[in-house]
Amino acid sequence: MTAAITARTYSIDFDAATLLSQELPLTHLFYTDHGQLNSELADLFSFPIAHRAAMPFYLLQESAADEMAATLTRYYAMMVEAVRVLLTGSNARIRRYFDCDMMQAHGDMFIDYARATLHSPGLAAQTLYGRFDAAVDPASGRITGIYEFNGNTPVMLFESINLENILATGLGHPQRQFNEWWHTTIAMLQTRMAGGKRVAVVCDTSFIEDITTCETLVQLFEAAGYDPYLVDIRELDYDYLMPEQPFVMNQAGLRPDLIFMLTPWEEMVMTFPEAFRSHRKWFGQVSFMEPAWRWFLSHKGMLVFISDLYDSDPAFAARHAGLPHLRAAFEADAIGPTHVAKPALGRLSSNISIVEQGTLTAASGGSYQDTPMIHQAYCPPGQVAGRNNFILGAWMTSRPNSLLADVATLCFREFDQPVLDLRNERFIPHLLTPLD
């Protein structure tokens, strides 16, 4: 029987400088010197540059792709149900699961704001994207475990959406990719609000992964009929003299109606606590993507909370039976001698440790070693025959006027070590089989 996921190499026509000047002109402008890509931009696309003669593609059976998407869409619905349960409970319970410096300093205020975004019919559904990371058995194509959901600051959007489409189309297979995020998200945005809304797409432009993601989002908003601006995080200010619409894009001198910030919510609140403490003054005039309730889905304390819901609520467990949830707890003993330890708010695969039968077998570096940790059941990544480790990514598009979302694009990342990190990961394009 043929495996659900196999690999094959193809020759590709890939001129990074030309592609980036056309697809990401602002990034290209910021990160080139006398027509040459600087080292950060060249490093970001070093793998396709080096493999133009033999670029690996994953060949993914369409039926398996559909099953992956359906599974992760169901898992997201389960997470939305869990966050509803969470935010109807006491602040003390929320704090137990979602400990961090921000919650210790401003927890009651942030919980109040998050509840307001969840219960506001217009704001609750203002989600833009989000990415699951999951392990897949390449033989069957089934998801064996869902590692986490990043609904706050996922990057690699350009590669997953644009580069995937360019490479698949270049091979003559534009319809043989699981990659509808661009079109479905534009359609969702067009039904959500009237066009012309002024949008600040904010990031730290000194990080190459952030600016490529945010320039992609600027183009998305433009295509949907909005009025977007790419704003460096240092150029977004707060005007105490105009509390009903206090946020200002300094360089443009304009006040946005909608703000997308590629910055973790805990950092935003710690940086601008007074802005969110006074949210009732601007609530409804200005809104944020992603909404504050989404932060709880990205905090890995949610994985522990869901595990406890499975144990304590038989109806919840029955509704969501069969999902590949990886059990998580705050204490390693609750998982067993084989587990993964990871920061509750870690990013970029930092400070992840794999423990097998009580022995540390792999660990990644990072700066989260002194932050709260969770422990999760260990689920090794898949490995396509002849290739290295890989994980599946799945990009979500929210449904119009709903908290729910659907998987719209699948993507794959390979890595050489037991733990993925930015230094050893690489985007691998895919094609759906059978090919036309």
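Helices here are DSSP runs of H or I with at least four residues, strands are runs of E with at least two, and both are numbered from the N terminus. Hi everyone, with that settled, let's start at a proline. P434 sits in the segment after strand 22 (430-433), and the bond joining T433 to P434 is a cis peptide with omega of about 5°.

A quick word on what we're looking at: this is a predicted model, where local features need pLDDT of at least 70 and side-chain atom pairs count only at pLDDT 80 or more, while totals for chains, interfaces and linings use all residues. Residue numbers start from 1 along each chain as its sequence is written, and side-chain values use heavy atoms, with hydrogens and water left out.

Back to the backbone. The peptide bond from M289 to E290 is also cis, with omega near 0°. You'll find E290 in the loop between strand 12 (287-289) and helix 15 (295-298).

Now for phi. M156 is not a glycine, yet its phi is positive, about 75°. This methionine belongs to the loop between strand 6 (143-150) and helix 9 (157-170). Is M156 buried or exposed? At 7% relative accessibility M156 is buried, where buried means under 20% relative accessible area, exposed means over 50%, and partly exposed is in between, using a 1.4 Å probe and protein chains only.

N401 has a positive phi too, about 55°, and is not a glycine either. Its loop runs between strand 19 (389-398) and strand 20 (405-415), and at 65% relative accessibility N401 is exposed.

On to the helices. The axes of helix 5 (residues 62-88) and helix 7 (residues 101-119) come within 11 Å and cross at roughly 130°. Those axes are lines fitted to C-alpha atoms, for helices over the stretch in contact, with angles from 0 to 180 degrees between N-to-C directions. The pair is therefore oblique; angles under 35 degrees would be roughly parallel, over 145 roughly antiparallel, and 65 to 115 roughly perpendicular, with the rest oblique. Who touches whom? On helix 5 the contact uses V83, R84 and L87, and on helix 7 A114, R115 and L118, with contact meaning heavy atoms within 4.5 Å.

Last, the cysteines. A search of the whole structure turns up zero disulfides, a disulfide being a pair of cysteine sulfur atoms within 2.5 Å. For C411, the nearest cysteine sulfur is that of C379, 17 Å away. C411 is buried, at 1% relative accessible area, and C100 is buried as well, at 7%.
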